[in-house]
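The following paragraphs lead through selected local features of one structure.

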Amino acid sequence: MKPVPFDYFVAHSVEEALAALAAGGEDAKPIAGGQSLVPALNMRLLRPSLLVDLNRAGLDGLAEENGRLRVGAMVRQATLERCADSHPLVREALAYVGHVGTRARGTVGGSIAHADGGAELPLCLAALGGSIIVDGPNGRREIEPEDFFVTHYSTTLQPGELIVETTWPAPRAGEAYAFEELALRAGDYALSMVVVSGTTVAVGAVTDRPTVLGEVGALLAGADTSNELAREAGALAATLVDPPGHIHASPRVSEAPHRRAGRASSEEIVDIELTVNGRPVWESVEPRLLLVDFLRHRLGLTGTHVGCEHGVCGSCTVQLDGEAVRSCLLLAVQADGSTLETVESLAQGDELSPLQQAFRRNHALQCGFCTPGILMAATELLERGTPTREQIVDLLSGHLCRCTGYAPIVAAIEQAAAE
């Protein structure tokens, strides 16, 4: 998808930006690095009438002042990562923010403004006791993190206000720090995060906003560090948070009520039974779990790939009761009582299927990302008889291949059909 039409204004100062936002009203949005905003625009989660570009507004200052690092809102994350020698905790955390390509454009102020409870920079700012400087119709004001982050994706910014700067206290001499994050892949959304700076402990992703655990800090203050104290602090921290369910990490599966597929609330776990690649499977899942994630993360069948998650690229195609379907557009609970076949079912041991052999002979694959989905869709097509070229082309119109080109794929399917 693409953004809806909008007006665009480049601000050359903070004053110009504030004036443009005021004139645009509630439907005007500032754009900084755009690494979070543009995806939301592409998916039409946001439909602004006006975008005010801040990249030339003079908000890229970076300086040490009285033991605090003053970071302009438009300072790139990659720039701070390279320059934060006096702030090793921040530098370490930045390595977990997205990817190199997004950090090159993403801004510090944009990350703070987004107020994501699972983002690294807001958590570090809260743990270090920094501050957020905003400017707006009523002038500049300084806000503490605990007052700024209200809930997940929500701040105390008033209409027409902009973040212009953040301040980051330097660690005290000899003060220990640590940053730990758990995610499925590098750069992926965090399942859990924790920051320790001295005796301050803060957590993210398991709460709806960056949260400083004052009770844990009080336990650690003035005490000698030991394994026993660390375990006690961890146990206390676990009692202070109530993690929301995550698609890959339900908080309390064993305690949640179970029921068979049918009617279930969002807090209930559904027991499903199906056959996958000839093997009976019994699992307990949340109603919202996608079939593609069920296959990959519950059953370890990673040959089924996740691409667009909109049913467009075809890389997640599997066979459900003999029909080629998009597993990103199905819920796992919908597969209850069904028979599933994934790409892992095609080969018999080391012996490739005739279609796979034809793909190899015709050089019909390179990176292989799209290949499993094409193989599963083509297998179903061949099982229905000898396809015409038009039928093969029609099938491939629902699969995106970026490196091989479609001619060798068509040739491979035709050759497999003729054998």
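Asn 277 is partly exposed, at 25% relative accessibility; on this scale, buried means under 20% relative accessible area, exposed means over 50%, and partly exposed lies in between, with a 1.4 Å probe and protein chains only. The residue sits in the loop between strand E16 (269–276) and strand E17 (279–285), where strands (E, at least two residues) and helices (H or I, at least four) are DSSP runs numbered from the N terminus. Although Asn 277 is not a glycine, its phi is positive, at about 55°. Most residues other than glycine have a negative phi.

The model is predicted, so that local features need pLDDT of at least 70 and side-chain atom pairs count only at pLDDT 80 or more, whereas totals for chains, interfaces and linings use all residues. Residues are numbered from 1 along each chain as its sequence is written, and side-chain values use heavy atoms, with hydrogens and water left out.

His 363 also has a positive phi, near 50°, and is a residue other than glycine. This histidine belongs to the loop between H12 and helix H13 (371–383). With 63% relative accessibility, His 363 counts as exposed.

Thr 342 is placed in the loop between strand E20 (339–341) and H12, and counts as buried because its relative accessibility is 0%.

Leu 291 is in helix H11 (residues 291–298) and is buried, with a relative accessible area of 1%. Apart from neighbours within four places in sequence, Leu 291 is in contact with Ser 327, Leu 330, Leu 331, Ala 332, Ala 335 and Leu 340. Between Leu 291 and Gln 334 the separation is 43 residues in sequence and 8.3 Å in space, taken from C-alpha to C-alpha.

Ile 31 is part of strand E2 (residues 28–31) and is likewise buried, its relative accessible area being 12%. When residues up to four places away in sequence are not counted, Ile 31 touches Leu 37, Val 38, Leu 51, Val 52, Asp 53, Leu 54 and Asn 55. Ile 31 and Ala 95 are 64 residues apart in sequence, and their C-alpha atoms are 23 Å apart in space.

Helix packing comes next. Two packed helices are described by the angle between their axes and the distance between the axes. Here axes are lines fitted to C-alpha atoms, for helices over the stretch in contact, and angles run from 0 to 180 degrees between N-to-C directions.

For helix H12 (residues 354–361) and helix H15 (residues 406–418), the axes come within 8 Å and cross at roughly 140°. H12 is therefore oblique to H15: angles under 35 degrees count as roughly parallel, over 145 as roughly antiparallel, 65 to 115 as roughly perpendicular, and the rest as oblique. Pro 354, Leu 355, Ala 358, Phe 359 and Arg 361 of H12 meet Ile 409, Ala 412, Ile 413, Gln 415 and Ala 416 of H15. By class, this contact of H12 with H15 comprises eight nonpolar, one polar and one charged residues; Ala, Val, Leu, Ile, Met, Phe, Trp, Tyr, Cys and Pro count as nonpolar, Asp, Glu, Lys and Arg as charged, and the others, Gly among them, as polar.

Helix H14 (residues 389–396) packs with H15 at an angle of about 130°, the axes being 10 Å apart. That angle makes H14 oblique to H15. From H14, Arg 389, Ile 392 and Leu 396 meet Tyr 406, Ile 409, Val 410, Ile 413 and Glu 414 in H15. The contact of H14 with H15 divides into six nonpolar, no polar and two charged residues.

Cys 124 is in no disulfide, the nearest cysteine sulfur, that of Cys 83, being 17 Å away. Cys 124 counts as buried, at 0% relative accessibility. The sulfur of Cys 403 is 3.8 Å from the closest cysteine sulfur, in Cys 367, which is too far for a bond. Cys 403 is partly exposed, with a relative accessible area of 32%.

Conventions
Contact = heavy atoms within 4.5 Å. Disulfide = S-S within 2.5 Å.
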